[in-house]
Amino acid sequence: MRQQFDAPIERRRRANPRTVRRALALGALFALMLVVLTPTLRSYLQQRSEIADLRQQKIDGQKRVEALEAQKKRWEDPAYIKKQVTQRLGYAMPGQKVTVYVDDRNKPHAVTKSTGVANATTLSSHPWYGQLWGSVKMSSDESQQGKK
């Protein structure tokens, strides 16, 4: 009697060649799909990343445009223009008092509200290219003295 019950179990344990072929074909098909889909998936993910970067650039560009429009709006206000002319160029309206401080090297400094004293180069009597050339000459003179 025992043999009757054991026989189907042994048959089930033996692999059917047809089943093995099906499993191998299914495994090969899965491997082929993996090989074909991997580059496609990689390019898809890369494109999604580029899209996200472009969206962020768009948002940053919109913020910059908004800031520039706000700045343009400020420049349309005559009071703002007068304030900038006073701060940047050192001009004053008739009847207005301007205070200028002179440092140890006899360089004038105009008073500003933000720092108290303006930058020494803003009120120079020489143009910017003359200042640049003077600094080049001064550095070359110092390097010549160092070699002697």
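The model is a predicted one, in which local features need pLDDT of at least 70, side-chain atom pairs count only at pLDDT 80 or more, and totals for chains, interfaces and linings use all residues. Residues are numbered from 1 along each chain as its sequence is written, and side-chain values use heavy atoms, with hydrogens and water left out.

The protein chain holds four helices and two strands, arranged from the N terminus as α-α-α-β-β-α. Here helices (H or I, at least four residues) and strands (E, at least two) are DSSP runs, numbered from the N terminus. Of the 148 residues, 4% are buried, that is, under 20% relative accessible area with a 1.4 Å probe and protein chains only, while exposed means over 50% and partly exposed lies in between.

Helix α2 covers residues 17-75 and reaches 86 Å from its first C-alpha to its last, close to the 87 Å expected; the expected span is 1.5 Å times one less than the number of residues. Shortly before the proline P39, α2 has a kink of about 30° at L37, the bend being the angle between axes fitted to the seven residues ending there and the seven starting there. Helix α2 also contains L29, which is partly exposed at 45% relative accessibility.

After α3 comes G90, with a positive phi near 80°.

One aromatic pair is found in the whole structure. The ring centres of W75 and Y80 are 5.1 Å apart and their planes meet at 85°, so the pair is edge-to-face. Rings of Phe, Tyr and Trp (its six-membered ring) pair if their centres lie within 6.5 Å, with planes under 30 degrees apart counted as stacked, over 60 as edge-to-face and the rest as tilted. W75 is partly exposed at 32% relative accessible area, whereas Y80 is buried at 19%.
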